[in-house]
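Please look at the sequence and the model first, then read on.

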Amino acid sequence: NRYDIDYDDGVKESNVMRLRIRRPGERQARTLGVGTRVEARFQGDRAFFPGIVTAVNTAENSYSIHYADGDLEDNVPRSMIMAQCLKMAQASEVAGSNDPVGIVAKTTTVSPTQPASSPACASCSGPCATLRCARCKLAWYCSRKCQEQNWRSHKADCKKNRVKIVSDLDPAQKTAAELEKEANSWRPPAQEAPKYEAFAKQYMLSLLPGVLRAHAGTEFTEHHSSGLLDPEDVLLPAGSTLLKEKLTTRLWYRAMAYCLTQQGRHKEACGAFGRAALCGRGWAEALNSWEEALVKCGRGAEVPGVWALGAARGAWPSTVQRPTGLYVRRLEAKPIWDAAEIPAARALEAAYPAILNEFKRLSEGVDRWKPINCHDESLVSKGQWTDFKFISNGQRHSVNCARCPETWRVLSQLPEVATMVSGTAIFSRMAGGTVIKPHCGATNTRLRLHLGLDVPKEGGPRPRMRVGGEWVEWQAGKVLCFDDSFEHEVEHLGSKPRVILLVDLWHPDLGDNTGKGRARVL
């Protein structure tokens with residue numbers, strides 16, 4: 001149900017969703033009342049099915065739907081409902097050159113899974129069926145009318161075939177399907193609902209104006225990077241009712257989850273976080289909170305299901321590359337990079353002897369370095385991880401830089417390092433027996449360099465790091481270059497400490513050599 005559009009300004013666009021098209025001077029219904037004809041996602045399904053609103057729940061912004069095939073469903077969120085425009089629906093039934101709007105004349109059926117030989121309609125047995133059941137994906141129809149007429153007889157087979165399809169999924173996808181079902185069926189606790197709803201309304205009203213201003217502006221804000229404003233929201237008119245409804249729903253569920261979390265009710269918060277995350281097309285912040293809630297209530301084994309849902313909705317590039325903050329699309333993505341291709345890596349290797357001497361002086365004598373626990377101490381599963389900071393989150397530590405002038409001279413002469421506004425440059429020391437949990441970095445706009453300084457060769461197993469699906473080891477005087485937005489972990493099971501110089505730099509695909517263009521990204 002998509003169309004090719006030739007705009008009056010000469011621009012052409014293909015595969016435009018029917019939802020995005022309206023006749024000149026025509027406005028889509030803003031409010032839904034009893035009797036309004038709609039299309040809704042039955043039980044959270046991806047496909048929309050026609051029906052009529054039979055009841056309105058103003059408090060929860062949900063509706064009861066009587067579907068055309070006879071099914072009834074209560075408490076359907078507004079975000080799952082699309083109001084029909086009757087004039088447009090009637091116009092789409094006009095065929096060929098008699099179409100007054102020119103919509104049907106350019107209709108293109110998008111069906112990537114349709115077999116080469118068109119199947120027969122499951123209802124009227126007519127040839128060239130182009131519509132497929134969105135649930136079981138096995139039955140084909142020549143029109144929506146045929147699908148509606150055949151639904152009562154097809155329902156039992158559809159359910160059986162759909163269960164079979166789910167059983168064939170890999171464990172992560174199966175878990176994702178179960179989590180999605182749990183989230184879509186979540187409701188606030190009955191007894192505390194009024195109290196929670198009052199807070200949720202206050203929370204929503206405090207944030208909504210700022211989000212709407214961010215949508216109307218031209219700057220890329222934290223609401224875009226977190227996914228609260230998703231790619232579909234950006235296409236909506238500024239301040240439109242539909243935009244407000246979508247944002248209100250997400251913020252309301254996020255507030256309900258926050259209330260439950262503050263009371264330690266993480267099990268109930270899981271559903272609320274999931275509901276908030278699934279109301280959009282990639283709210284990474286809500287997905288991360290959902291993941292944390294699952295871990296806190298002892299359901300850590302289900303976390304890969306959240307990753308699968310996030311990747312499917314575009315919050316992350318994949319289940320193994322999950323930046324916790326800013327994700328910029330179209331950047332080259334690979335876990336391990338060839339250090340020889342990175343000028344900064346070659347510069348660090350050339351300066352290795354001087355950097356190593358400064359570290360040794362720093363570790364000896366009366367004025368020796370006193371280890372301070374790393375800022376990512378929560379990632380330490382066991383052992384000790386300490387650091388000596390030159391740059392932390394883009395901020396220079398002047399005293400430490402003065403104590404290691406040669407190291408700082410090298411770093412300051414690398415523009416891709418010095419201008420990295422969310423970057424880090426530290427001496428990183430890891431004691432023997434230390435294990436770092438699997439985790440992902442904040443953004444894919446940077447690469448991370450590890451220059452080996454003191455790497456033990458004996459005294460137990462060599463320290464190693466997994467990035468994505470590949471294990472690598474450090475070598476003294478050599479740089480490891482990787483993208484830390486990919487999942488990575490460290491195992492140092494030996495007895496002697498491992499020391500490296502850790503440096504962040506801009507992703508090579510971003511901006512100019514001075515870093516000014518790159519800084520505008522963040």
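The largest cavity holds about 180 Å³ of space. A cavity is a set of points, on a 1 Å grid over the protein atoms alone, where a 1.4 Å probe fits but cannot get out, while a pocket is an open set with protein on both sides within 12 Å along at least five of seven lines; lining residues have an atom within 4 Å of a point. Grid points are joined across faces, edges and corners, and the volume is the space filled by probe spheres set on the points. Of the 19 residues that line the largest cavity, Trp385, Arg448, His450, His488 and Leu502 are the closest to its centre. The structure has five cavities of 30 Å³ or more.

The model is predicted: local features need pLDDT of at least 70 and side-chain atom pairs count only at pLDDT 80 or more, whereas totals for chains, interfaces and linings use all residues. Residues are numbered from 1 along each chain as its sequence is written, and side-chain values use heavy atoms, with hydrogens and water left out.

**The chain as a whole**

The protein chain contains 16 helices and 23 strands. Helices (H or I, at least four residues) and strands (E, at least two) are DSSP runs, numbered from the N terminus. Of its 522 residues, 46% count as buried; buried means under 20% relative accessible area, exposed over 50%, and partly exposed in between (1.4 Å probe, protein chains only). Among contacts between residues at least 6 apart in sequence, 62% join residues at least 24 apart, where contact means heavy atoms within 4.5 Å.

**Cavity and pocket linings**

Which strands each supply at least two residues of the lining of the largest cavity? They are β16 (425-430), β17 (434-439), β18 (446-454), β22 (488-492) and β23 (498-506).

The second largest pocket has a volume of about 890 Å³. Its lining is made up of 28 residues, and Thr324, Leu379, Pro438, His439 and Cys440 lie nearest its centre. Two or more lining residues come from each of α9 (284-296), α10 (303-312), β17 and β18. The element that gives the most is α9, with four residues.

The table sets out the two linings by class.

**Strand β22**

Strand β22 is largely enclosed by the rest of the structure, because four of its five residues are buried. Two strands pair if DSSP finds at least two bridges between them. Four bridges join β22 to β17, and these strands run antiparallel; here His492 of β22 is the bridge partner of Thr434. Strand β19 (residues 464-467) also pairs with β22 in the antiparallel sense, over four bridges. In that pairing, Glu489 of β22 is the bridge partner of Arg466.

**Ala257**

Is Ala257 buried or exposed? Ala257 is buried, with a relative accessible area of 0%. This residue lies in helix α7 (residues 241-262). Leaving aside neighbours within four places in sequence, Ala257 is in contact with Ala269, Ala272 and Phe273. The C-alpha atoms of Ala257 and Ala272 are separated by 4.9 Å, although the two residues are 15 apart along the chain.

**Cysteines**

A search of the whole structure finds zero disulfides, a disulfide being a pair of cysteine sulfur atoms within 2.5 Å. Cys142 is in no disulfide, and the nearest cysteine sulfur, that of Cys124, is 3.5 Å away. Cys142 is partly exposed, with a relative accessible area of 32%, whereas Cys279 is buried at 10%.

**Positive phi values**

Most residues other than glycine have a negative phi. Asn75, which is not a glycine, has a positive phi of about 55°. Asn75 is placed in strand β6 (residues 72-77) and is partly exposed, with a relative accessible area of 29%. Asn393 also has a positive phi, near 55°. Asn393 is found in the loop between β14 (385-392) and β15 (395-396) and is exposed, with a relative accessible area of 51%.
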